[in-house]
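Open the model in your viewer and keep the selection panel at hand. The tour moves from sheet to sheet, then to the side chains.

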Amino acid sequence: ALGGTTPLGEVSVTGGTMVLRSSVATENAAVTMTGAVVLDNTAGVSISSGTGKLLFAGTVDGSTAAQDPLAVTSDAVVFTGNVGYSAALGAVTLTCNTAAVNALFYTGTGCALTVNNTGLLSIADTTVAADVATFDVVAPGGFSQTVATGSAELHGVIGTENTALSF
């Protein structure tokens, strides 16, 4: 794990494709990934930045559809590139103050998207060629948002596959 024994300071990875096979942890510092990210660990990848911000500015995909889970703990999580579009992610859990999904977001068959937030969850309406099904977030295993004091701002459409959608 990167920063597993001793959490790192700020982490910034730019360009190319980054394959994540283990966890990343910082000591309340930002994590920024501007290139494509591929998750490659069926046991799951966790990213923890404490009070730091986590920015995925490129695409995020699994190595095999519905097989690579992601768990994030951060003050703010922002996705600006498509997530799971080329290879859907496994189950995804976001534990944060705020979360912004500004692109298409897909989990695989039977895989849920769970958001535990205390601030604002924002899901944008994407109007790109890849938005063929008119859904902006697709979570066949269900979608749930658990909030202590947070709220949601939904401009996009969330789709599940005969599973729960809860706020």
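Each stop below gives a selection and says what is there.

**Before you start.** This is a predicted model: local features need pLDDT of at least 70, side-chain atom pairs count only at pLDDT 80 or more, and totals for chains, interfaces and linings use all residues. Numbering starts from 1 along each chain as its sequence is written, and side-chain values use heavy atoms, with hydrogens and water left out.

**Stop 1: the open sheet.** Select S2, S5 and S7. Strands here are DSSP runs (E, at least two residues), numbered from the N terminus. These three form an open sheet in the order S2-S5-S7, with parallel pairing. Two strands pair if DSSP finds at least two bridges between them. Strand S2 (17-20) and strand S7 (60-62) stand at the edges; each has a single partner strand, so one side of each lacks a neighbour in the sheet. From one strand to the next, the twist averages 25°. That angle is taken between N-to-C directions, from 0 to 180 degrees, with axes as lines fitted to C-alpha atoms.

Now zoom in on strand S5 (residues 36-39). S5 pairs with S7 in the parallel sense over three bridges. Pick Val37: its bridge partner in S7 is Val60.

**Stop 2: the salt bridge.** How many salt bridges does a search of the whole structure find? It finds one. The cut-off is a side-chain nitrogen of Lys or Arg within 4 Å of a carboxyl oxygen of Asp or Glu. The side chains of Arg21 and Asp40 meet at 3.0 Å, N to O. Arg21 sits in the loop between S2 and strand S3 (24-25), Asp40 in the loop between S5 and S6, 19 residues apart. Arg21 is exposed at 53% relative accessibility; Asp40 is partly exposed at 28%. The scale: buried is under 20% relative accessible area, exposed over 50%, partly exposed in between (1.4 Å probe, protein chains only).

Stop 3: Select strand S8 (residues 70-79). Seven of its 10 residues are buried, so S8 is largely enclosed by the rest of the structure. S6 and S8 pair in the parallel sense over nine bridges. Leu54 has Val77 as its bridge partner in S8. Nine bridges also join S8 to strand S9 (residues 92-101), again parallel. There, Val72 is partnered by Leu94 in S9.

Next, select Ser49 in strand S6 (residues 45-56). Ser49 is buried, at 0% relative accessible area. Beyond four places in sequence, its contacts (heavy atoms within 4.5 Å) include Thr26, Asn28, Thr73 and Ser74.

**Stop 4: the nonpolar core.** A nonpolar core is a set of buried Ala, Val, Leu, Ile, Met, Phe, Trp, Tyr and Cys residues joined through side-chain atoms within 4.5 Å. The largest one has 33 residues; Leu20, Ile47, Leu94 and Leu113 touch the most other members. S9 gives the largest share, five residues. Centre on Leu94. Not counting residues up to four places away in sequence, Leu94 touches residues including Val72, Phe79, Leu113 and Val115.

**Stop 5: the cysteines.** Select Cys96 and Cys111. The structure holds zero disulfides (pairs of cysteine sulfur atoms within 2.5 Å). For Cys96, the nearest cysteine sulfur is that of Cys111, 19 Å away. Cys96 is buried at 6% relative accessible area. Cys111 is buried too, at 10%.

Methods:
Helix = DSSP H or I, 4+ residues; strand = E, 2+ residues; numbered from the N terminus.
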